[in-house]
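Please view the sequence and the structure below before reading on.

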Amino acid sequence: MTHPTRLRTENLSEAFGITQTTPRFSWTPPPGTVRQTAYRLTASNGWDTGRVDSGTHVSVPYGGPALGSRDRFDWTVRTWDQAPDGTETTSDWAEPMPVELGLLHPADWSARWIGPYEPVVPAPGERPGYALHRDFTLDAAPDSARAYATAHGIYELFINGRRVGDQQLTPGSTSYHSTLQVQAFDIAPLLRAGANTVRAVLTDGWFRGSFGFTRDADMFGTHTAFLAQLEIESGGARTVIGTDGSWLASTTEILAADLMEGQRVDFREAASGTREARPVVLRDGSFTTLTGPVAPPTRIVEELVPASITRLGNGNQVVDLGQNINGWVRLSRLGSAGTEVTLVYGEALGPDGDVTQDHLRPIDFKNPGQFRGAGQVDSVVSVGAPGQVFEPRHTAHGFRYVSVRGLAGDLLPTDIVGCMVQTDLERVGTFSCSDDRLNKLHNIVEWSFRDNACEVPTDCPQREKAGWTGDWQLFVPTAAYLFDVTGFSRKWLNDVRADQWDNGIVANISPSPGPDVTGAEFMAFTNGSSGWADAIVMVPWEIYLATGDAGILAENWEAMNRWLGFVRSTAEGNRHPARAAARATPAPHEQYLWDTGFHFGEWMEPGGPAPDLFASRSADNGIVATAYYRHTSAIMARVAAVLGLDEEARELAELSENVRRAWQQEYLQADGTVSDKTVDGGTQANCVRALAFDLVPGDARPAVTRQLAELVGAAGTHLGTGFLATPYLLPALADNGRLDLAYELLMQDSEPSWLVMVDRGATTMWEAWDGVGADGTVRQSLNHYSKGAVVSFLHRYTAGLRQAPGSAGWEQIIIEPRPGAGLASASTSHLGPQGLIEIDWTIDDGVLALTATVPSGTTAELRLPGEPAAVVGPGTHSFVAAAPAASAETTTDLARSAP
């Protein structure tokens, strides 16, 4: 292959309907070269850069003729590259990438927002699906045709009875008040000369359906609406068919559809032909918030055949897909006319062998002491027609098992299939090793993330489906290694910025309608917690490190400053009452302590007290919050430096250092241990943060490491970290001379540990360490990916691949396998901006043999046991060294987990 590959426009492999008028282009240089020395980019609209002497191949801005609505062009690139022998070579032209812009301006829309007439709106979860439709006539089949569509709700578009496109759950999850994605479709193949019909099916979706743990509804509005514009070109003329008052609305076979509750269908409604159509209602809707795609679309990315189907004594048939997924099932055996089949989705089976949802039932905040139903129930009434298929595409569930109820005939594996629905992310990372359990652990982490990568990064796909900030900031480094999450994260960050409060507080969940739209008080007062709201800084930084694209830092810089401004003013203007009572006059360092306001804290430490949100409003969580104050300000200093803001970088670095010293003065004890004096002996989590966030001076690190090791030992060689510190635990040990203990924790197989999940048959990560107890009791969600961030240890330490300090976009890497736990081999790969990096090592008869592939434009520092460091460039390299002793520890100067 002698041409550039992986052409991307605005991080998208499909740039159709985009609304950026200065799109940015990226590509991967040809393999087998040392580095790119120049490029030439051309477009079919006449733009030609000529030869540009530059190694840049990420986010090259468009510089051609001004782009307008509907403009189309192809672009391609060729590169000049340095060959291994030092000569310059010229590549072939890359395969062209098409780009098409959508509708850029409100004036481009002649269509109107429309919706069904609803004099009485049913209760949430009971609202039907509506069909909005119009007939029209064409003199001839079109030369080209586009449909631009979006909705307040979820829509599916049909032309002449055929579904348009393969995207699911459109227009997706978004902060509707500020941003609404428009989908563009090529509909020419679906149109014909003569009579045509356009039809949209519209349901509640995220706009007004029930949502989240609180099951609030009508969060963005009380009425659904639809907007579409068909632009049909034939013989040089354009015909526009837009939504307006001429469209008709009718009910459909969808009796009810809700993302949380499920979907109910009665096919007899469609077959009866008696549904009355009446004129639509014109709705109010914004045209200024409309935007094209930023992230890849959501699709059915995989279909799973049942691992087993079991008929129970009560007649129910339990379908086991063998894997916990997000999506729905497609059922093609519906029974005779009038048969009602109910599908109950769940992650676990009860003692009777049927699906149980008890662990997923949320608290009913309107009725204290009671629980709501878990939802996740679909039903269908058959009309008895051959070939009829039920596929509930207006809801989504988190499930491994489905209890099929009411169907007399025995299901065959060909009768039902699981549809895995997620944002269609490109895989860029892999890992495997000689230990089957670690491979299984890695696999369940991947699945858990994929199940929660539906439109936005959610916490769980069943109980909440919410874009919690804390979960994504913890996991995004791992996700970015395994999948291209650049556009996915940018889309979500657009919502995070839109949802930011006027005082700088970052909402816990995005997309979010705001603090006033909630059925539970805690959903308002918990916003602005350390470790959660810091996502506005940490997520852009991690995406920058993964891609080398500083644009994402610039996009979020203002929001970062607003958040840090809130933290700083809170720290400077408030003191915790307990501290004020103990010391009437504040010490100088206290202006840098963030010890007031609500904080989740470490959250769900094993064996710790049950979370109490209301008590946390007044608790002193300064040891955690101040640590994040230090960490966030340190990252922002680096961000400012990348953006060329030298004065801001200096000021932020000074602030970060002052916060660091204040943390030390308050929480670093005279004996070198870390404690806020609320827990005897301190906690693992606070020791981990002290090391990972570089909170303690170098001469104190050995003492803190000893303290952490002693706390681990006191717990029976078990982790004791909760939500925030767990991703940093093993790296903190490994980077401070306790690689052996890191591996002991990794391989621990009694509670709490990661391998307990593997040994108890998990196919996704659990929310609780004892999500499935030894007795089979199930608690909390069985699909929360945050604890899965541990697999970064497998990539960076076990296999031995990480970026060098100061590098972004994988231009400089360190290859340093650090075997342990008796592993005989490991391999990893990562397809970064420069190309494919591959590491593979084996240990045989005391010899470690390593093969590494380094892509163009990348420098690798190789560190092998007992050997001097070596620097190598692009190419495939093989090395051997004496394998490290099983109990060996290393104090090699490593890049710590914190940036």
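Arg127 has a relative accessibility of 2% and therefore counts as buried, where buried means under 20% relative accessible area, exposed over 50% and partly exposed in between (1.4 Å probe, protein chains only). The model is predicted: local features need pLDDT of at least 70, side-chain atom pairs count only at pLDDT 80 or more, and totals for chains, interfaces and linings use all residues. Residues are numbered from 1 along each chain as its sequence is written, and side-chain values use heavy atoms, with hydrogens and water left out.

**A buried pair**
- Arg127 and Asp204 form a salt bridge (3.4 Å, N to O), a term for a side-chain nitrogen of Lys or Arg within 4 Å of a carboxyl oxygen of Asp or Glu.
- The two residues are 77 residues apart, with Arg127 in the loop between strand E9 (114-115) and strand E10 (130-138) and Asp204 in the loop between strand E16 (194-203) and helix H1 (205-208); helices (H or I, at least four residues) and strands (E, at least two) are DSSP runs, numbered from the N terminus.
- Asp204 is buried as well, at 1% relative accessibility.

**A partly exposed pair**
- Asp749 and Arg437 form a salt bridge whose closest N and O atoms are 3.5 Å apart.
- Asp749 is partly exposed at 41%, and Arg437 is partly exposed at 25%.

**Network and total**
- Arg575, Arg579, Arg583, Glu590, Asp595, Asp620 and Glu666 are joined in a network of salt bridges.
- The structure holds 61 salt bridges.
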